[in-house]
Amino acid sequence: SRACVELARNRLIDSLEPHLKSASRAVMLGEPRHSNLGDSFIWAGSLRLLTAFNLEPEYLHGAWDDARDKRYHELNVTRVKAKLGLFKNPKDWSGLVWMHGGGNWGTIWPGDHQGRPEAINALLKAKIRVLMAPQSVYYSATEAGDNPAFLSDRKKLLNGLDSASLKQFVFCHRWQRGYDFFVQHMPEITNLLTPD
């Protein structure tokens, strides 16, 4: 119903306000390039949310490679690092990178996830805040914090970052299970439980 949608919208705005109200710019990364209509709606909602905070979204184009089977688009960390020139002086830059959410963090859609932990690490090392829009976390046997794919992602994401830099990565979880898993196994980042 309309009331339920309005309630979810208000909860999302309340959750993200502390992270968005201080931003001067928002650069969007990860536009959906596939036929999942739900992801396109999430992208459109993200645009509306950012404009509600008077942020005119910019786009980080050219950061994706077509995977071999053409169904996926892999995040190219080398290109993201090269595109960091977009941020002329990160120390004076009070914006953030908004990464597209959905249901693709972990092993369920490896092509969509490929390169993301390294790219986030590169952005954080450049002192650029990163906000992952509401996302589902899935690793096969998600309950196990010793899952090899999760441990690999954790290592790539945390590599060489201090605690203050890691807190600049805001991960919005749309499921309680993923939120609980990250709070337990990746408490170094900022974890939020938010509506989609």
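Reader: Which residues have the most contacts inside the largest nonpolar core?
Author: In this predicted model, the largest nonpolar core has 25 residues, and those with the most contacts inside it are W105, I120, F169, F171 and F182. A nonpolar core is a set of buried Ala, Val, Leu, Ile, Met, Phe, Trp, Tyr and Cys residues joined through side-chain atoms within 4.5 Å, where buried means under 20% relative accessible area, exposed over 50% and partly exposed in between, with a 1.4 Å probe and protein chains only.

Reader: And which elements give two or more residues to this core?
Author: They are β1 (26-29), β5 (96-99), α5 (116-125), β7, α6, β8 and α8. Helices (H or I, at least four residues) and strands (E, at least two) are DSSP runs, numbered from the N terminus.

Reader: What does F171 touch?
Author: Leaving aside residues up to four places away in sequence, F171 touches W105, M132, Q135, V137, F182, I189, T190, N191 and L192, with contact meaning heavy atoms within 4.5 Å.

Reader: Changing topic, how many aromatic pairs are there in the whole structure?
Author: A search of the whole structure finds 10 aromatic pairs. Rings of Phe, Tyr and Trp (its six-membered ring) pair if their centres lie within 6.5 Å, and planes under 30 degrees apart count as stacked, over 60 as edge-to-face and the rest as tilted.

Reader: Why is the pair of Y139 and F181 tilted?
Author: The pair counts as tilted because the ring planes of Y139 and F181 stand at 40°, with the centres 6.3 Å apart. Y139 sits in the loop between β7 and α6 (148-158), while F181 is in helix α8 (residues 176-185), so the pair links distant parts of the chain, 42 residues apart.

Reader: Is Y139 buried or exposed?
Author: Y139 counts as buried, at 0% relative accessibility, and F181 also counts as buried, at 5%.

Reader: What about the rings of F171 and F182?
Author: Their centres are 4.9 Å apart and their planes at 50°, so that pair is tilted. F171 lies in strand β8 (residues 169-173) and F182 in helix α8, so the pair ties together parts 11 residues apart in sequence.

Reader: Where is the bridge partner of W105?
Author: The bridge partner of W105 is V137, in β7. Strands β6 and β7 (residues 129-138) run parallel and are joined by 3 bridges, given that two strands pair if DSSP finds at least two bridges between them.

Reader: How are residues numbered, and which atoms do side-chain values use?
Author: Numbering starts from 1 along each chain as its sequence is written, and side-chain values use heavy atoms, with hydrogens and water left out. Because the model is predicted, local features need pLDDT of at least 70 and side-chain atom pairs count only at pLDDT 80 or more, whereas totals for chains, interfaces and linings use all residues.
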